[in-house]
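Subject: Structure handover and findings

Dear colleague,

Please find below the structure that I am handing over to you. My notes on it follow.

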Amino acid sequence: MGKRLLVLGASGQTGQNLIKQALERNHHVTALVRDPTKIEIENENLDVAKCNIFDKEDLKQHVEKADVVMSCLGFALAWSEPVPQFREISMNLSEVMKEFGKRRVIFMHSWYTNTDSWSNASFIMRNVFLRLVIGQVLAGMRLSEQFLETTDHLDYTCVLPAGLSNEPVTEKPFTVNDDGQSIVPGCPSMINRADVARYMLDVIEDESSYRKIRAIAVDGPVSK
């Protein structure tokens with residue numbers, strides 16, 4: 001039976017993959033966006049709503065009706081401090097979901113949110129890309145994860161994919177890692193956005209994924 005899904009970050013590339021696949025699985029989707037014109041998908045089971053996700057009162061009307069909240073949010077790079085919006089939206093959702101007795105929420109974050117895992121990256125990856133380019137984005141995601149770990153009313157899953165590409169969805173099996181290192185050693189460091197969406201939908205009712213910060217990868221090489 002389909003669920004009522006509330007999708008944040010719906011207008012991004014992963015978010016639109018998530019919407020498309022969710023509809024194919026007969027879920028009802030409410031997509032929250034700043035600009036509804038960015039969602040071109042049309043389906044009787046899709047509602048597109050303009051929403052300020054940082055306004056808890058605006059969020060309430062949508063969370064109240066949802067079975068599952070799913071976030072594919074991304075935010076602009078920052079250079080001097082962790083990107084604050086990841087933690088802020090986690091806190092807002094936590095408060096609103098608690099008010100309505102909602103528990104299931106799934107976030108898309110990224111490999112390498114835990115800096116202990118950086119030692120597994122190459123020298124250039126570690127010291128240029130991770131440290132100088134996306135380090136504060138990862139730090140913001142990590143603050144969100146640490147906040148979620150303090151909650152007792154959410155069945156959260158933070159899904160941590162590797163680098164994202166735009167190939168079509170596959171049927172490749174997933175390898176996951178829950179050991180806190182925020183990577184999947186020995187697996188490809190790229191994954192299709194469509195496969196990330198597939199995984200997020202696969203685990204909606206998977207209790208083994210509840211309250212987990214889970215790095216994911218697909219088995220075998222990713223097609224170019």
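Which elements each supply at least two residues of the lining of the second largest pocket? They are β1 (4-8), β2, β3 (46-50) and α2 (56-63). Helices (H or I, at least four residues) and strands (E, at least two) are DSSP runs, numbered from the N terminus.

Please note that this is a predicted model, in which local features need pLDDT of at least 70, side-chain atom pairs count only at pLDDT 80 or more, and totals for chains, interfaces and linings use all residues. Residues are numbered from 1 along each chain as its sequence is written, and side-chain values use heavy atoms, with hydrogens and water left out.

Pockets

On a 1 Å grid over the protein atoms alone, a pocket is an open set of points with protein on both sides within 12 Å along at least five of seven lines, whereas a cavity is a set of points where a 1.4 Å probe fits but cannot get out; lining residues have an atom within 4 Å of a point. Grid points are joined across faces, edges and corners, and a volume is the space filled by probe spheres set on the points.

The second largest pocket has a volume of about 160 Å³, and β1 gives the largest share of its lining, three residues. The largest pocket has a volume of about 1,100 Å³. Its lining consists of 41 residues, of which Cys72, Leu73, Gly74, Phe75 and Met108 are the closest to its centre.

The cavity

The count comes to one cavity of 30 Å³ or more, with a volume of about 50 Å³ for the largest cavity. Among the residues that line the largest cavity are Phe86, Ile89, Phe107 and Met108. Both α3 (85-100) and β5 (104-108) give two or more residues to this lining, and α3 gives the most, with three.

Strand β5

Two strands pair if DSSP finds at least two bridges between them. Strand β4 (residues 68-71) pairs with β5 in the parallel sense over four bridges, and Val69 has Val105 as its bridge partner in β5. Five bridges join β5 to the parallel strand β6 (residues 155-160), where Cys158 stands opposite Phe107.

Yours sincerely
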